Amino acid sequence: MLTANALLEVGTRGLKTFQIAMGVTSHNITNSNTEGYTRQRAELSSSYPIFLQPHIFGTGVQVDAIVRLRESVLDATIRGEMSEVGRWDVNAQTLGTLETMLGNATNGSLGEALNAFWNGWQDLTSGPEEMGARQALLDLSQRIADVFHGGVRRLDDLNTGLNTTVTAAVAEANGYTQSIAELNREIARAELSGANANDLRDRRDLLVEKLSRLTDVHVVEQPNGMLDIDVNGDVLVSGVNSFALSGVLNGGTNHMEVQLGGSPLAFASGAFQGFTESFAEVDGTRAQLDQLAATLISEVNTRHATGFDLQGNPAGAFFAGTDAATIGLDPALASNPALIAASTTAAPGGNDLALQIAQLRDLKVIPGGTPTMTLNEAFNALVLDLGSGGKRATETLGDFERIRASVAERRSAVSGVNMDEELSNLLTFQRAYEASARLITTVDEMMDMIINRMGIVGR
Amino acid sequence: MRISDSQRYGGLVPRYQDLLARQIKVQQQIASGIRIQKASDAPGDAARSHLMHTTRSTLEQNLRNLDEGQAWTEQTNNALNQAVSIVQRMDELSVRAGDVTLSAAERANIAQEVDQLLEGMLDVGAQTYRGRTILSGTQTGQPAFTATRDAQGRITAVTYQGNGEDRSLEVEPGRAMAYNLLGSNEAGGDFGALRDTAAGVDIFDTAIRLRDFLLANDSASVTGISLPELKDALTHLTTGLARVGGLQSRMNQSELTDEDHLELVQKQLSQLIETDLAEAAVEASELDVAYRAALQVGSRIMQTSLLDYLR
């Protein structure tokens, strides 16, 4: 038979247990809006019984463990989706910026400038002798050069912006890996005693998730609770050690490279892969602009050089430069519109050359070799490529974001805090706590009966 | 299924954002009147619209070119009409001068008028449009013809100063046409308005010789040589006028073609890129209803909690 003291012990254990349970519930309630928080639960069990022949007596309740309610199998899926979201987010932003840079959907600035340039030559066919038409053509030609220069400057700015963003992302990734390594140490130390370092694990999981937005990560948990993280075999975190990434400017490409231990890292996804693809997109656009400018220069100059200026002298070049950055008017011609050649003969009213150059508009000149596009069509193709790329990037980003959100919801269904549930638990534990207190009171009354009111006959 | 608070509340915001973003896009489409804001909105349509802009710009330029060409040919027409009047007057004077009863003095007086008509014909060759000589090919900075004069200032010879080159304009996309008439085709070209080596017409030479026949009181030559030559000249000028008329007719036809084409392109462009206001307004209204409903439901969900029922 259990003694009164043993009964007191059962009640006391109940008080302690339900106080802990209420503590866990309070923790859940107050962290219901904390990013990365996983709800916790006090795992209760009956405490070890006492064998008093012929019976076995229960000794009350105890807390076995405070556990995180988390489906870790979903974490890897979410990290994979996060990496893709990071990659396509960068791509969508870059392509959106490029698209905006090169004109709107209906009337691209370079397309508009090209049309005006061809029309300028047409106007010259109407009045090759008129200085006004010649000056207007020079202005329109300068505008084309300005549009190319503006495009190059914006591409350079975008490249610089990407370099700065890569540098910031490298610092961000290093912050994460350093914190993860520190948390590895704290978690291993805390769990040596067999306890669960739930909140520390939450913090670490959140950091790993944030890191996965920047790069694809391979995560392995060691038996001591520490996480090892690598990118395609290149280790970022190993136990309590983290290995810092560095952003190194490649002088040849003018792109910021992400390196580990002096060697460039190859990413499969994540924002870093997005940056790599964005740099390629910027370079590709620049190459296409250069090709457009070079073709315009060479096609116009080749024809122009066969003509005669207004004074009947053989003409020179119309454009100077070789690409989108250097295109400009021939310096002599820029200050003297009379040097424009409108005719293949020395007569001042000849306009056949002006017409020939104006009709370059309809001539397929790009790419070299077997041309398939006019200059306008080539610019159009460039905008179309960027538009299609931007649309694909935005849609792909949306797809991955939806998958990530869906998996995150599934995880949240298990790990997230539900206030109604916690309040209900709180009431349950409160009642159990009150009942335990009542048990102690009852035992106290029993003991009072035995100590103070039994055996008083004859006193 | 268990629902956490983050699912209940957190999921609402992205949906609100999505609805708001769609509303803003429709608002932009309505406000700007343009359906495709960026190429990525509809890459295929954006590409077509770019090419249509090029076509529209070309057609608008072609129409401006045609204005210029039509004005030029109008001026050419005026010049040839003047030439016709001059030749007709010469013809009348020749008929009069063929009258055998006229005295030498009377023929000399007629010769003076012919001289003036010759000067007038020289002026026809010097006619310009916006400062450019219209009958000198591409040598537009000087009169088409220059005269050699004797001691009395009479014209003894007329030399063509122009060339045989055409001036061309693009009148339809990819199609150019020459719109000038040459004063003479001796330096090239298939037709000279005032002097044509192929047709054997030289109005200046005819006029000079007519004057000289008159001064020489040679009525037989006036009747036998000058009159037939003047008839040929008139026929030739009529051919010139017909040519100008043909040019004008072609230009008018091109103008109609360009205008029709431009109207079509503008219509297609409008259908392609402009916002269908009725459709957009309905979409905006639907999105507004959806947004209000989402907010209402969201606010209800957020307000309800077990806390409301606990003491």
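This is a predicted model: local features need pLDDT of at least 70, side-chain atom pairs count only at pLDDT 80 or more; totals for chains, interfaces and linings use all residues.
Residues are numbered from 1 along each chain as its sequence is written, and chains are lettered from A in the order in which they are written. Local features need pLDDT of at least 70 and side-chain atom pairs pLDDT 80 or more, while totals for chains, interfaces and linings use all residues; side-chain values use heavy atoms, without hydrogens and water.

**Domains**

The bounds in the table come from an automatic or database domain assignment.

| Domain of chain A | Residues |
|---|---|
| domain 1 | 4-69 + 417-453 |
| domain 2 | 76-362 |

The C-alpha centres of domain 1 and domain 2 of chain A are 64 Å apart. Ten residues of domain 1 are in contact with eight residues of domain 2 (contact means heavy atoms within 4.5 Å). Between these domains three salt bridges are counted, a salt bridge being a side-chain nitrogen of Lys or Arg within 4 Å of a carboxyl oxygen of Asp or Glu. Asp202(A) and Arg68(A) form a salt bridge through their side chains (2.7 Å, N to O).

**Second largest pocket**

A pocket is an open set of points on a 1 Å grid over the protein atoms alone, where a 1.4 Å probe fits, with protein on both sides within 12 Å along at least five of seven lines; lining residues have an atom within 4 Å of a point. The second largest pocket has a volume of about 320 Å³, the volume being the space filled by probe spheres set on the points, which are joined across faces, edges and corners. It is lined by 18 residues, and Val90(A), Gln93(A), Thr165(A), Ala271(A) and Phe275(A) are the closest to its centre. H4(A) gives the largest share of this lining, seven residues (helices are DSSP runs of H or I, at least four residues, numbered from the N terminus).

Technical notes. Helices (H or I, at least four residues) and strands (E, at least two) are DSSP runs, numbered from the N terminus.
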